[in-house]
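Please look at the structure shown below with its sequence beside it.

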Amino acid sequence: VKHLPSATKTTPRRKMLENTIVIDGRDHLLGRLASIVAKELLAGQKIVVVRCDEMCISGSLVRNRVKYAQFRKKRMNTNPRRGPFHFKSPARMFWRTVRGMVHQKTQRGQEALARLSTFEGIPAPYDTQKRKVVPAALRVLRLKPHRNYTILGELADSVGWKHKELLERLESKRKVEAEAFFQKKKARADLRKKAEAEADLSAVSAVLEAAGY
């Protein structure tokens, strides 16, 4: 029988919650990513999800358009302005999916939902921050290669979202700036590597060897 370590033992503990996690939603399956994000939000983690327009849903575009049309028919019979509300932007579609997973009619659920931010594209300041992926939700790992899938931005554009062209212009501009930054960073790394290879460390090495290093 394996015994759990006692509380008195000093075991290394990792930091449970980071300040804010930025997740790149590109090529992630919407439902799988939403479930993982919801779990982290309920645990107290702040999360920002960018590039929601490049998330994926399994199934062809035609199939998902039919499902969305059926979803839009669900409304209040006497006064549709009271809801339910059907969002057209990819970021709000993802936000609504997470909302259904955090029990949002409770205080705990509302606080969890307040920790989530979703965006199309990668706006400032997140374009200069390190972004993460969630392997358990990646399409290439979770969907068979021959299966059809729909990009969320294309679905949103087909049902009335009006900012696809604007987002493409902004993203193309951002990618040019990101490439320039990466080339500068790469050049600096090469110079550092070259300087370290050519440096004469014989005097320092003698002192270190004498000290036992």
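Aspartate 24 counts as buried, because its relative accessibility is 10% and the limit for a buried residue is under 20%. In this predicted model, the residue forms a salt bridge with arginine 51, and the closest N and O atoms of the two are 2.6 Å apart. Aspartate 24 belongs to strand 1, whereas arginine 51 sits in the loop between strand 2 and strand 3 (56–58), so the pair ties together parts that are 27 residues apart in sequence. Arginine 51 is buried as well, with a relative accessible area of 11%.

The strands themselves deserve attention. Strand 1 (residues 21–24) pairs with strand 2 in the parallel sense, over four bridges. Isoleucine 21, for instance, has isoleucine 47 in strand 2 as its bridge partner. Along strand 2 (residues 47–50), Ile47 and Val49 point one way, Val48 and Val50 point the other way, and all are buried.

A further salt bridge joins glutamate 54 and arginine 26, at 3.4 Å from N to O. Glutamate 54 is found in the loop between strand 2 and strand 3, and arginine 26 in the loop between strand 1 and helix 1 (30–42), so this contact ties together parts that are 28 residues apart in sequence. Glutamate 54 is partly exposed, at 22% relative accessible area, and arginine 26 is partly exposed at 45%. Asp24, Arg26, Arg51 and Glu54 are linked in a network of salt bridges.

Which residue forms a salt bridge with aspartate 27? The partner is arginine 139, with the closest N and O atoms 2.8 Å apart. Because aspartate 27 lies in the loop between strand 1 and helix 1 and arginine 139 in helix 5 (residues 139–142), the pair ties together parts that are 112 residues apart in sequence. Aspartate 27 counts as buried at 18% relative accessibility, and arginine 139 is buried at 17%. The whole structure contains six salt bridges.

A nonpolar patch on the surface is formed by Leu201, Val204, Leu208 and Tyr213, which together have about 470 Å² of accessible area. Valine 204 has its place in helix 8 (residues 202–210) and is partly exposed, at 47% relative accessible area.

Conventions:
Residues are numbered from 1 along each chain as its sequence is written. This is a predicted model: local features need pLDDT of at least 70, side-chain atom pairs count only at pLDDT 80 or more; totals for chains, interfaces and linings use all residues. Side-chain values use heavy atoms; hydrogens and water are left out. Buried means under 20% relative accessible area, exposed over 50%, partly exposed in between (1.4 Å probe, protein chains only). Helices (H or I, at least four residues) and strands (E, at least two) are DSSP runs, numbered from the N terminus. Two strands pair if DSSP finds at least two bridges between them. Patches are made of residues with over 30% relative accessible area and no salt bridge: like charges are joined within 9 Å, nonpolar side chains (Val, Leu, Ile, Met, Phe, Trp, Tyr) within 5 Å. Accessible areas come from the Shrake-Rupley method with a 1.4 Å probe; for residues, only the protein chains shown count as cover. A salt bridge is a side-chain nitrogen of Lys or Arg within 4 Å of a carboxyl oxygen of Asp or Glu.
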